[in-house]
Amino acid sequence: MPVTRIPADATDLLRRQDPELAGVLLGELARQSTTLQLIAAENFTSPAVLAALGSPLANKYAEGYPGARHHGGCEIVDVAERIARDRATALFGAAHANVQPHSGSAAVLAAYAALLRPGDTVLALGLPYGGHLTHGSPANFSGRWFDFVGYRVDPDTGLVDHEQLRTLARAHRPKAIVCGSIAYPRHLDYALFREVADEVGAYLIADAAHPMGLVAGGAAPNPVPYADIVCATTHKVLRGPRGGMLLCGEELAERVDRAVFPFTQGGAQMHTIAAKAVAFGEAATPAFAGYAHQVVANARVLAAGLAREGLAVTTGGTDTHLITADPAPLGVGGREARGLLAAAGIVLDSCALPRADVRGVRLGTAAVTTQGMREQEMAGVAALLAGVLRGRVEARRAREEVRELVTAFPPYPG
Ligand SMILES: *Cc1c(COP(=O)(O)O)cnc(C)c1O
């Protein structure tokens with residue numbers, strides 16, 4: 001089986017010491033290398049990012065911030081965090097960056113902690129329309145500690161209902177408005193959100209976890225000039241390690257920093273912060289700008305192909321890496337589609353759709369574009385996916401086709 005190799009002797013060492021765990025690592029590498037990764041939130045980090053993650057920086061305790069730590073021996077890791085902060089602020093044109101949040105959710109929690117008090121009203125995209133758990137789910141701290149009001153996307157167009165947003169803002173006078181989604185395929189109108197927030201005296205928090213990598217590559221509008229705080233993940237299109245970050249102006253810098261440590265987190269994970277720095281460095285290159293634009297070009301072709309095959313593509317297409325679609329016209333629901341495709345080696349998510357009572361499929365092109373696939377491959381993927389859903393291509397044959405395709409585009413050429 002032509003499985004590619006992780007570029008580290010780490011697996012060899014693990015194989016000798018702990019074959020059981022080594023088997024898991026190699027099994028996962030084989031899964032990633034032999035099936036098609038269309039999960040919109042996933043990507044393949046570079047070998048350099050993996051090297052930083054697997055480095056001895058993982059050993060260091062570093063509560064606090066560079067130059068003001070609660071532990072000794074931080075002088076070297078301080079350099080890593082300063083580099084990460086400087087690269088993030090330069091990349092996104094922000095005055096201040098906090099690169100410590102352990103995840104996207106931790107970044108959102110810190111943004112709320114910086115700006116809100118328990119019980120405050122917050123306006124965010126409703127969960128059935130693509131809001132994230134941290135945007136007011138009753139199962140999450142956000143829904144428990146704040147009073148969330150959900151705006152919607154128009155059930156027909158799939159686009160954010162700006163009129164309803166404005167009406168809800170005027171009626172509820174929220175302390176903050178959150179813009180950002182786990183499933184919105186179009187660019188958000190950050191200027192409009194800013195205008196609505198200003199009208200009612202609310203903070204604007206942009207949760208740009210998904211599009212931040214496109215922003216870095218100049219392929220999506222930048223929320224930094226509009227939002228009081230921008231939250232993001234570093235592991236989605238941005239292609240860094242799993243983690244989060246926060247961007248803001250000078251005036252909120254201290255509140256944001258204190259909201260991360262000591263308010264919501266303890267020691268920073270210096271190996272991850274070093275890996276974030278590596279990823280920001282990569283994202284500042286012309287090659288990454290080319291990548292980001294190719295991600296969008298690929299998504300557009302994939303969306304058009306799915307539409308041609310009869311799926312109902314939300315908003316009729318995409319501006320980003322992300323597509324959602326209703327496979328119902330092909331005779332299957334979103335959940336069933338996910339299962340059928342998984343059996344065929346095509347890995348994606350099911351998701352909510354603008355008509356909140358049905359589920360669709362959500363897919364993205366960040367990972368396959370990192371592998372080097374282009375428009376031609378996306379057209380083929382759309383046809384194969386529809387063939388599987390229609391029952392015209394049986395799972396076994398589809399799996400073979402997928403394996404052939406991904407073997408030609410190994411994520412980690414060995
Ligand atoms: C992915 C995502 C998050 C959370 O990221 P985690 O790292 O999984 O916690 C938060 N908000 C939005 C909009 C996201 O897409």
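Here is a tour, stop by stop, from the domains down to single residues.

Before you click, note that this is a predicted model: local features need pLDDT of at least 70, side-chain atom pairs count only at pLDDT 80 or more, and totals for chains, interfaces and linings use all residues. Residue numbers start from 1 along each chain as its sequence is written.

**Stop 1: the two domains**

Select 52-283 and colour it as domain 1, then 286-407 as domain 2; these bounds come from an automatic or database domain assignment. Their centres, taken over C-alpha atoms, are 28 Å apart. Where they meet, domain 1 puts in 27 residues and domain 2 puts in 24 residues (contact means C-beta atoms, placed from the backbone, within 7 Å). On the domain 1 side, pick out helix 9 (212-216) and helix 11 (270-283), the elements that give two or more residues. Helices here are DSSP runs of H or I with at least four residues, strands are E runs of at least two, and both are numbered from the N terminus. Helix 9 has the largest share of that side, with three residues.

**Stop 2: the sheet**

Now switch to cartoon and find the open sheet of seven strands, with order 4-10-9-8-7-5-6 and mixed pairing. Two strands count as paired if DSSP finds at least two bridges between them. In general, strands of a sheet pair through backbone hydrogen bonds, either parallel or antiparallel. Strand 4 (96-98) and strand 6 (147-151) are the edges, each pairing on one side only. Look along the sheet for the twist, which averages 20 degrees from one strand to the next.

Zoom in on strand 5 (121-125) and strand 7 (176-179), a parallel pair with two bridges.

Next, show helix 4 (75-92), which lies across strand 4 and strand 10 (244-248) at about 125 degrees to strand 4. Helix 10 (250-264) also packs on the sheet, touching strand 4, strand 9 (229-233) and strand 10, and its direction makes about 5 degrees with that of strand 4. For these angles, axes are lines fitted to C-alpha atoms, for helices over the stretch in contact, and angles run from 0 to 180 degrees between N-to-C directions.

**Stop 3: Lys236**

Select Lys236, in the loop between strand 9 and strand 10. An unreviewed UniProt entry annotates Lys236 as "modified residue: N6-(pyridoxal phosphate)lysine"; such annotations may be inferred rather than shown by experiment, and UniProt positions are given in the numbering used here, with feature names shortened.

Is Lys236 buried or exposed? Lys236 is buried, because 27 other C-beta atoms lie within 10 Å (buried takes 20 or more, exposed 12 or fewer, partly exposed in between, with C-beta atoms placed from the backbone). Leaving aside neighbours within four places in sequence, its contacts include Ala41, Asn43, His210 and Ala366.

**Stop 4: the annotated binding site**

Select Leu127, Gly131, His132, Leu133 and Glu250, which the unreviewed UniProt entry marks as "binding site". They do not all gather at one spot, because the farthest two C-alpha atoms are 31.6 Å apart.

Gly131 sits in the loop between strand 5 and helix 6 (141-145) and is buried, with 26 other C-beta atoms within 10 Å. His132 is found in the loop between strand 5 and helix 6, and touches Ile182 and Asp207, not counting residues up to four places away in sequence.

Note on methods. Contact = placed C-beta atoms within 7 Å.
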